[in-house]
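Biologist: I would like to learn how to read a model like this one, going from a single contact up to the whole arrangement. Could we go through it together?

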Amino acid sequence: MTNKLDPWSSSEINDYSKLFEEFGISPFDNVLPEIPSPHMYMRRRVIFGHRDYEQIAEAIRTGAPFSVMDGFMPSGKVHLGHKMVMDQIIWHQQRGASAFVGIADREAFSVRGFSWQKCREIGVEEYILSLIALGFKPDGLIYFQSGCGSVKDLAFELGVKINFSELSAIYGFSGETNLSHMISVATQAADILQPQLEEFGGPKPVVVPVGPDQDPHLRLTRGLAGKMSMFRVEERENANGGKYLSVRGKGALKEALQELKKRIPGKVKLYEEHLDIIQTPDYPFLERLVSQINQPEKKRYFTAELEEVSEFANEIKPYEFSGYEEYFVFRKVWKLTRKILDEIVAEVAAEFEGYAFIPPASTYHRFMSGLQGGKMSSSVPDSYIALTDDPKEGAKKVKRAKTGGCVTLEEQKKLGGKPDECSVFELLLFHLAENDDELLEIREECVCGTRMCGSCKQLAAEKMYEFLKDHQEKRELAREHLGEYNIIYKK
């Protein structure tokens with residue numbers, strides 16, 4: 001069965017593995033070993049897929065600039081599903097990411113018909129307070145789409161590269177779709193690309209943690225990143241099989257290409273719409289190339305990277321030269337050359353009022369199921385737990401939740417339970433059991449029939465009560481500190 005991904009409906013995915021083939025999402029297991037101290041969702045395979053997360057993992061390891069961006073449509077109660085996204089935003093922020101959170105009031109206005117005032121009230125009272133209470137730091141940017149000039153301006157520019165047939169293919173839009181809904185799509189693409197604007201430090205890797213239903217936004221934005229960029233850097237081969245880098249700029253100003261040629265040392269051939277770098281990338285060449293970077297922070301970063309490469313070269317012994325050639329030349333030097341060139345290309349593009357967007361990365365996490373089984377639905381209060389629910393009521397919802405246990409106690413002891421079909425175990429897996437060993441023990445006892453559903457419900461209910469009580473106390477503290485945060489409201 002073909003999966004249909006719709007950002008505006010309550011989606012249910014029956015087989016996550018099919019998304020790898022149907023939509024080009026990569027398995028997260030492949031990148032997991034590259035991540036220092038991975039998040040609980042990563043370790044527990046709650047995050048199952050990604051696009052280009054390798055560049056984020058590298059930034060975390062090396063200290064390179066990167067951003068995390070996500071948004072919330074202010075259309076209802078903030079619940080545990082939203083908490084999953086907030087947890088990931090905060091985790092990336094703690095690891096050095098500049099964090100951007102958009103309140104998608106343009107989307108709520110166009111899709112749900114909410115007033116601007118209602119969007120603001122829900123945005124603050126539900127989402128922003130919980131985000132801060134969960135640990136979002138004041139150095140991040142929180143904004144309402146309707147009040148953020150840079151997002152609105154960029155959305156307008158992106159609109160030049162979007163046509164109706166493309167929106168119809170990605171989202172299923174028809175002649176009945178209103179224009180404001182289409183504009184809200186361009187606005188969400190602008191949300192995702194905004195961290196790469198010059199006012200926020202220029203091009204850098206950006207990760208967007210989402211459920212798979214939001215992937216249409218990522219596919220659209222990744223395509224727009226390429227369409228909007230003045231140049232693209234490509235790896236090519238000459239007639240002898242040798243590799244070289246080429247900077248392509250279809251429609252780019254000749255003056256911009258000429259400026260690039262000035263800033264790239266060594267052997268460079270300039271053509272009508274591109275230039276080829278045929279200089280062998282050795283240490284002196286890289287040293288001169290780094291000197292052409294204007295931004296002090298990025299120049300320091302690449303200088304440190306170059307010194308690391310140099311130290312590696314000096315440690316290589318002559319009898320290891322074949323290993324040196326394979327690892328050092330083709331992996332370290334070539335990769336570093338590409339990264340430095342990307343930075344210079346981005347600076348030149350900015351000087352000539354162009355863009356050099358890096359296609360955004362993304363992670364994909366499993367949906368939480370409803371407490372009664374099936375899909376979680378905002379129209380069915382007993383199917384979800386809101387972060388603003390009374391703690392006692394939240395605990396009661398847990399005790400009424402569907403489990404993966406057998407009908408009778410005797411069958412449970414004999415056959416064991418099914419934790420993968422249990423919404424109570426899912427609460428422990430996603431939110432309530434911080435210790436992996438404790439969670440594994442609960443799972444094994446359930447499968448073996450030594451743990452009964454009543455004890456699991458009691459444990460989860462107690463943990464849920466404590467979590468909601470603590471979270472709501474922190475929400476009130478967050479309210480007192482709202483003024484310390486960089487929040488852009490609609491004027």
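Biologist: Which side chains meet in a salt bridge at 2.7 Å, N to O?

Modeller: A salt bridge is counted when a side-chain nitrogen of Lys or Arg lies within 4 Å of a carboxyl oxygen of Asp or Glu, and here the side chains of Asp436 and Arg43 form one, at 2.7 Å from N to O. Please keep in mind that this is a predicted model, in which local features need pLDDT of at least 70 and side-chain atom pairs count only at pLDDT 80 or more, while totals for chains, interfaces and linings use all residues. Residues are numbered from 1 along each chain as its sequence is written, and side-chain values use heavy atoms, with hydrogens and water left out.

Biologist: Which domains does the domain assignment give?

Modeller: Domain bounds come from an automatic or database domain assignment, and for this protein chain that assignment gives domain 1 (12–229 + 358–367), domain 2 (231–352) and domain 3 (391–483).

Biologist: How many salt bridges are counted between domain 1 and domain 3, and what area do they bury between them?

Modeller: The count is three salt bridges between domain 1 and domain 3. Buried area is the accessible area (1.4 Å probe) that two parts lose on being put together, summed over both, and for domain 1 and domain 3 it comes to about 1700 Å², with 60% of it on carbon and sulfur atoms. On the side of domain 1, Arg44, Leu80 and Leu129 supply 37% of the area buried against domain 3, more than any other three residues.

Biologist: Is strand E3 enclosed or open?

Modeller: Helices (H or I, at least four residues) and strands (E, at least two) are DSSP runs, numbered from the N terminus, and a residue is buried when its relative accessible area is under 20% (1.4 Å probe, protein chains only). Strand E3 (residues 67–72) has five of its six residues buried, so it is largely enclosed by the rest of the structure.

Biologist: Which strands pair with E3?

Modeller: Strands of a sheet pair through backbone hydrogen bonds, either parallel or antiparallel; two strands are taken as paired if DSSP finds at least two bridges between them. E3 pairs with strand E4 (residues 98–103) in the parallel sense over six bridges, and Met69 has Phe100 in E4 as its bridge partner. Two bridges also join E3 to strand E6 (residues 206–210), again in parallel, where Val206 is the bridge partner of Ser67.

Biologist: In what order do the strands of the sheet lie?

Modeller: Eight strands form an open sheet with mixed pairing, in the order E1-E2-E11-E6-E3-E4-E5-E12.

Technical notes:
Buried means under 20% relative accessible area, exposed over 50%, partly exposed in between (1.4 Å probe, protein chains only).
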